[in-house]
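Visitor: I am new to this structure and would like to learn how to read it. Please take me through it one feature at a time.

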Amino acid sequence: FSAAVRPTSGCERLKELCEGGECSSVLALALTVLHELHVASPRAPYFEDLAAAPPPGVPLLWPEEDVMRLAGSSLLPTNNGDSAAAKASAAVAAAAATASFEEDVRPVMTAVGIEYLPPDVCTQTFFCGALAWVMSRGLQGRVSYELGSHSFCPCLSTNGPQGSAVGPFHLPLFDLLNHSSHEAERCTTLARANDGDAFEMRAKRDLSVGEEALWSYGSHGAAELLRTYGFVESSRNPYSTVMLTREEVAAAAVANSASLKKQPGDAKTAEARIQALEKAGRLPVVFTLRADGDGKVTKVPEALLTAVQVLVMSKEEFGEWLAAGGIELGEGFLDEESLGSVVGCLLKISDSCLQRYPSAKAFSSGSSSQSSLGLMCKAVKEEERQLILEFKKAVFLLAVAEEDVGEEGEEEELLEEEEEEDEEDEEDEEPAQDTRQAKKRRIDLA
């Protein structure tokens, strides 16, 4: 599990549990780190360094008052200023971490034995400290978050979503290299070598004396970098990401349809269709809006578009979709009749998401005396807000492409108008109504 670990009977037992499907690789590595930090004596040099270092700055280890700073972001999705909802979401995340420890971790601790993990180290606090090192320093493997945006603790069970088939691994020295989301700045690669028995890092080009060796931890947005590694980048992230919960998508569909007397119309119908999407394998843990590498959103994600299409389709169409086996839909299934409802729902989703964040004016007037943690939380929310505005452009482009109308240059003019309205009306976060009125010559949203 780690290049720095000395073989012990406990390691062998963990290996047996992994091979038998009773322990995930992420949990096995975390328990190995827990043993090496708090039980092994003397510590191996690598773990001596970890023990002397400040703990990783991941939200999993933050006190509640600091977690509350994430309110409004994808990691704690509540409307701006709704402190009660933020506190409730933080409590959900804390309860999920405790439940995972009791259900997934403690049984494996017992199975490994008290010689490897004595009772005094089998606490949630010690375990989360070890897990944080796995999250922030683990290489050649990634972690998944079972509860999506509401969880700061990765999936540890063997029957949940696994980030990688193998790994992650702790690789001394290699794990000191920093990350860059920008291709031009990255100058190294890390890969398995020698038939998988070793790791090899190579320079992609000649390096200057004193140049920092950088590589990529993955195409992550600011929220994921903070949640898993405990930092955000100072420059704009070309892989910006916003996570949307199923509940947000369903609520937007209901709100958009209620006044139009169309589907889904009510929360009960929406929930039934969400369950149908899940049964058909068309419902991710969270919906992800992701920039394309240039900081832009050029299209509506297929999973989100399919979910919205299913939510707003008529009862007859829903029956046909079920009979067809719950197939993936997308742009190829958009027609003139459904386009207005789909676009209206997508716009409602984006406008609802914008209510999570402070206004652009509030971002620009933020105190320069904030702590580094406060500045990171602010950077996450500012990046996400910009991506939502980019997503709204993608929705308009979807509508324009399907309608195929309008004079040359009208599309750009419409997008510019929408951006201006967002900036002017953000304080009450209700730009969608004006936008829809301006678009009536092009799309009948009713």
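Guide: Start with a pair of residues: Thr189 stands opposite Arg202 in S3. Keep in mind that this is a predicted model.

Visitor: Which strands pair in the antiparallel sense over 6 bridges?

Guide: They are strand S2, residues 188-193, and strand S3, residues 198-203. The hairpin of S2 and S3 has 4 residues between the strands, and Asn194 there takes a positive phi, near 55 degrees.

Visitor: How many helices and strands does the protein chain have?

Guide: The secondary structure comes to 16 helices and 6 strands. The protein chain has 446 residues, of which 50% count as buried. Among contacts with a separation of 6 or more, 72% are between residues 24 or more positions apart.

Visitor: Now another strand. Are the faces of S5 covered or uncovered?

Guide: Both faces of strand S5, residues 241-244, are covered. Thr241 and Met243 are buried on one side, and Val242 and Leu244 are buried on the other. S5 is joined by 4 bridges to strand S6, residues 287-290, and the two run antiparallel.

Visitor: What is the bridge partner of Val242 in S6?

Guide: The partner of Val242 is Leu289.

Visitor: How should I read two packed helices?

Guide: Two numbers describe such a pair: the angle between the helix axes and the distance between those axes. Take helix H9, residues 267-279, and helix H11, residues 315-323: their axes come within 12 Å and cross at roughly 20 degrees.

Visitor: Are H9 and H11 roughly parallel or roughly antiparallel?

Guide: Angles under 35 degrees count as roughly parallel, and H9 and H11 are therefore roughly parallel to each other. Their crossing is left-handed.

Visitor: Which residues of H9 and H11 meet?

Guide: From H9 come Arg273, Ala276 and Leu277, and from H11 come Lys315, Phe318, Trp321 and Leu322. Sorted by class, this contact has 5 nonpolar residues, 2 charged ones and no polar ones.

Visitor: I would like to look at one residue of that contact. Is Ala276 buried or exposed?

Guide: Ala276 is found in helix H9. Buried means under 20% relative accessible area, so Ala276, at 15% relative accessibility, counts as buried. Leaving aside residues up to four places away in sequence, Ala276 touches Phe318, Trp321 and Leu322.

Visitor: At what angle do H9 and H10 pack?

Guide: H9 and helix H10, residues 302-312, pack at about 135 degrees, with their axes 9 Å apart. That angle makes H9 oblique to H10. H9 passes H10 in a right-handed crossing.

Visitor: Which residues of H9 and H10 meet?

Guide: Ala270, Arg273, Ile274 and Leu277 in H9 meet Thr306, Ala307, Val310, Leu311 and Val312 in H10. The classes in this contact are 7 nonpolar, 1 polar and 1 charged.

Visitor: Is Ser100 buried or exposed?

Guide: Ser100 lies in helix H5, residues 83-112. Its relative accessibility is 11%, so Ser100 counts as buried. Not counting residues up to four places away in sequence, Ser100 touches Val105, Cys153 and Leu156.

Visitor: Let us turn to the loops. Is the peptide bond from Ser41 to Pro42 cis or trans?

Guide: The bond from Ser41 to Pro42 is cis, and its omega is near -5 degrees. Pro42 sits in the loop between helix H2 (25-38) and helix H3 (45-52).

Visitor: Where is Leu173 found?

Guide: Leu173 is in the loop between helix H6 (124-137) and strand S1 (178-179). Its phi is near 80 degrees, a positive value in a residue other than glycine.

Visitor: Is Leu173 buried or exposed?

Guide: Exposed means over 50% relative accessible area. Leu173 has 58% relative accessibility and therefore counts as exposed.

Notes: Residues are numbered from 1 along each chain as its sequence is written. This is a predicted model: local features need pLDDT of at least 70, side-chain atom pairs count only at pLDDT 80 or more; totals for chains, interfaces and linings use all residues. Side-chain values use heavy atoms; hydrogens and water are left out. Axes are lines fitted to C-alpha atoms, for helices over the stretch in contact, and angles run from 0 to 180 degrees between N-to-C directions. Angles under 35 degrees count as roughly parallel, over 145 as roughly antiparallel, 65 to 115 as roughly perpendicular and the rest as oblique. A crossing is left-handed if the near helix is turned anticlockwise from the far one by less than a right angle, and right-handed if clockwise. Contact means heavy atoms within 4.5 Å. Ala, Val, Leu, Ile, Met, Phe, Trp, Tyr, Cys and Pro count as nonpolar, Asp, Glu, Lys and Arg as charged, and the others, Gly among them, as polar. Buried means under 20% relative accessible area, exposed over 50%, partly exposed in between (1.4 Å probe, protein chains only). Two strands pair if DSSP finds at least two bridges between them.
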